[in-house]
Amino acid sequence: MSDEKIVTEEAEALVASEQTEAPAADGGKKQKKPPLSKEEKKILWQARWSRWKAWVYLLPAIVILGIFTVWPIINTVRISFMGQWTTEGGSTWWEGYSYSAALNPNTHYVFGFNNFSSVVSDIDFVTCLTNTLLLTVITVPISTMLALLIAVALNSIKPLRKVFQTIFFLPYVTNSIAIGMVFAAMFQMVWPNPTGEPMSVGIINTIIEAFGGTRINWMNQGSSHFANMVVLVIYIVWNALPFKILVLLGGLQSVNKQYYDAAKVDGTSRFRTFWRITVPLLSPMIAYVVITGFIGGFKEYTSIVGIFGEKMGPVGNDWSLDTMVGYIYKSMGVSEGKAGAAALILFVIIFAVTMVNLYVSKKKVHY
Amino acid sequence: MKVVLQNLTKIFPSRNKKDKNAEVVAVNDFNLEIPDGKLIGLLGPSGCGKSTTLFMISGLQTPTSGKIFFGDDDVTKLAPENRGIGLVFQNYALYPHMTVQQNILFPLQNLKGENRLSKEEMLKRAAEVAKLVQIDEYMNRKPSELSGGQQQRVAIARALVKMPRVLLLDEPLSNLDARLRLQTREEIRRIQRDTQITTIFVTHDQEEAMSISDFIVVMKLGVIMQTGKPQWVYDDPANLFVAKFLGAPPINMFSGKVEGGKLYIGEEAVLNADGVEDQEVYVGIRPEGFILSREGKLTCAVSGIDVMGRDISIVSTNAASLNPVVRSIISADEMSKIDGSVAKFDLKQHKVFIFNKETEQRIYFGEQIAAHEAMLAEMEAEGQAYASNQGPLPREADDKAKADAPVALDKGKFAKVKDCFKGLAAKCRRKKAPAAEEEAPVSEAEPNDTAEPSEVDHE
């Protein structure tokens, strides 16, 4: 080891001398450097290699990240400000950047905020934003609370714990489109058509009827927005549970059991133990779960496609359940500039909410 | 509150329920009466069941059989919160997210019904107890902002605030550094004296137990070895285990024999042992039991002298000694009596204990018989029951095998194969190492095991 070190030190001195001598040579002194011996050359290359080694090893990752992550992000920002004014028949309007138009050599793009204003003034955007906010604000607290209760319950039972853990974890390893289709089947209800063909009723309505209720149109033609949202909330909560349970259960298992023994000796009720000991000790995990939950909630998309199809709504009421990501995707068809602007807006919202979360958790979370 | 433990037994079942041999008897038929208002130390090596006993008294663990009484109440089946105990855990278990004050208030806030205190009363009680343990300046700090000793005192305050009938401390000082440990154990003593709460604490440190307990209980493998005042137990050990466990520096053990009313160590008759049957014995001599004398009966070869100021410690060797060295502590003035490298000792009879080689039980001889009886009488007068293990001592399946076990485990099959590849030098080193330090060379060799192949890779 020490030999190697000496070698590198020698070599660095060599490299340094090489660098300092270079300008002197340019200065016209023409002092000829003595040719390096084979040994010296070898040491020199070793030194160069040890200097650049780390970067060479990192190169593949840097290249891949640069192409697929860094550049797209920069490009999104660039495109979102890009567009052109088009004049036709006496009126002038803004057209956002689009790839197909960019191929036209006569197109000259200018920079401006018009992509953003066109997104914000879009009535569809308002619908999407409301849907996204509603779904997030409703599902995150519900799924966190449920996950906490289930984690505590799982942690307190010994037999069958693994079995339950597996059952609760299943949604995590299942494709959400596939689960969405299963949910769609469960909430299905098709009215008897005029010819008297047999109708299709999902298991949820079957259960409701078994308990003497009337079947509800959850998600078919003519269903109410409220019913659609209920289905979505149930689906999203159920889908979000496994990850949260996993994190919280892990947190619970790392809590020192002596706190509970101490609480037991002090005669603490279960309720108080939960609120005064379990929740505060788990608070870092809870904060993590809530923050990631909010981020995930704002990116909700596949679940709706899974249940309601690509049109993001029940038949006859297309796009009524569209979300931010859906809006971005849809905008791509109009112009990439508009989609980029919408994506940036979504980013700003997520960033702001996360900051608020972090701020709150700094005050409430005990690390 | 008097605490009585009756035939207390705790058996941890083996993982494989059918395998009866694998179950662990942590506490075995434990009988003890703890007088009111005393500080009791449960003392023993790790794994002797002392913590299990404590947790059974606290109610966190249920005994397999036997009964626990607090005063006249049978609390065996009572839940921990109904026993009126305060428990201080080894690592304190202070709630990290609460301030000191909230931690201390926590048990009070749990009280329900008529026991419930008003908010002012709670704060007053918390302030009182904080003052008692001298942490009243830190009421608004979090546990992480306190030193180990302060955390310890907060834990005691939390245990004391609900005025428990019995205070239980589980190795309360093991997480503190040496200086703090001395300080804190005085503190515990003071708090106990002030509050007069019956206190039971668990420790494996004999010095700690001796210094603050009114009464110590020495345990081995779940069985009481001896109980009594610390000084008595030290002066009058009932068996080999107790004699060896108490005392620092440890007692010097010799193998010897009694023949014709004389006690022999090696070939030297060191003391009169009238009335003791001829037999092989273990002889234990406390380090302070030696008197340097030119005509001394026990001859040892001096290998070193540690000067400790007022006293000196003579490190010597004797063929009959069971320890690597014989350590004797004598006054520094006597040093001149050492002739060259030979030290001759007379022995103080009351510092020499002999034990039957089979049962390892104490054999009293000479003045010791009277002294022992006087102690028993005194103990009875004070109303303390004397307990000592009279039957055969519980023994590890094979003490020696156990001592070797870590070495055997470390090696394993794989390591043995590696050993074959090792150079001759390593083998020689191991052979040269003294038997007592057998573990050391192996652990030294361990890193080599992993290092060697990687070196080969480089080449």
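Mentor: Axes here are lines fitted to C-alpha atoms, for helices over the stretch in contact, and angles run from 0 to 180 degrees between N-to-C directions. Two packed helices are described by the angle between their axes and the distance between the axes. Keep in mind that this is a predicted model.

Trainee: At what angle do the axes of α11(A) and α14(A) cross?

Mentor: Roughly 165°, and the two axes come within 10 Å. Angles over 145 degrees count as roughly antiparallel, so that's the label for α11(A) and α14(A). Their crossing is right-handed.

Trainee: Which residues make the contact?

Mentor: On α11(A), they include A:S283, A:A287 and A:F294; on α14(A), A:L346, A:V353 and A:K364 are among them. The contact residues split into ten nonpolar, four polar and one charged.

Trainee: Now helix α13 of chain A: why is it described as largely enclosed by the rest of the structure?

Mentor: Count buried residues, meaning those with 20 or more other C-beta atoms within 10 Å of their own. Helix α13 of chain A spans residues 324-331, and six of its eight residues are buried, so the helix is largely enclosed. Those six are A:M324, A:V325, A:G326, A:Y327, A:I328 and A:S331. Their cover includes α11 and α14 again, along with α5 and α12 of chain A.

Trainee: And A:V201, is that buried, exposed or partly exposed?

Mentor: Partly exposed, because A:V201 has 14 other C-beta atoms within 10 Å. You'll find A:V201 in the loop between α7 and α8 of chain A, touching A:Q188, A:M189, A:T206 and A:R215, if you skip residues up to four places away in sequence.

Methods
Residues are numbered from 1 along each chain as its sequence is written. Chains are lettered from A and ligands numbered from 1 in the order in which they are written. This is a predicted model: local features need pLDDT of at least 70, side-chain atom pairs count only at pLDDT 80 or more; totals for chains, interfaces and linings use all residues. A residue is buried if 20 or more other C-beta atoms lie within 10 Å of its own, exposed if 12 or fewer, and partly exposed in between; C-beta atoms are placed from the backbone. Helices (H or I, at least four residues) and strands (E, at least two) are DSSP runs, numbered from the N terminus. Two residues are in contact if their C-beta atoms, placed from the backbone, lie within 7 Å. Angles under 35 degrees count as roughly parallel, over 145 as roughly antiparallel, 65 to 115 as roughly perpendicular and the rest as oblique. A crossing is left-handed if the near helix is turned anticlockwise from the far one by less than a right angle, and right-handed if clockwise. Ala, Val, Leu, Ile, Met, Phe, Trp, Tyr, Cys and Pro count as nonpolar, Asp, Glu, Lys and Arg as charged, and the others, Gly among them, as polar.
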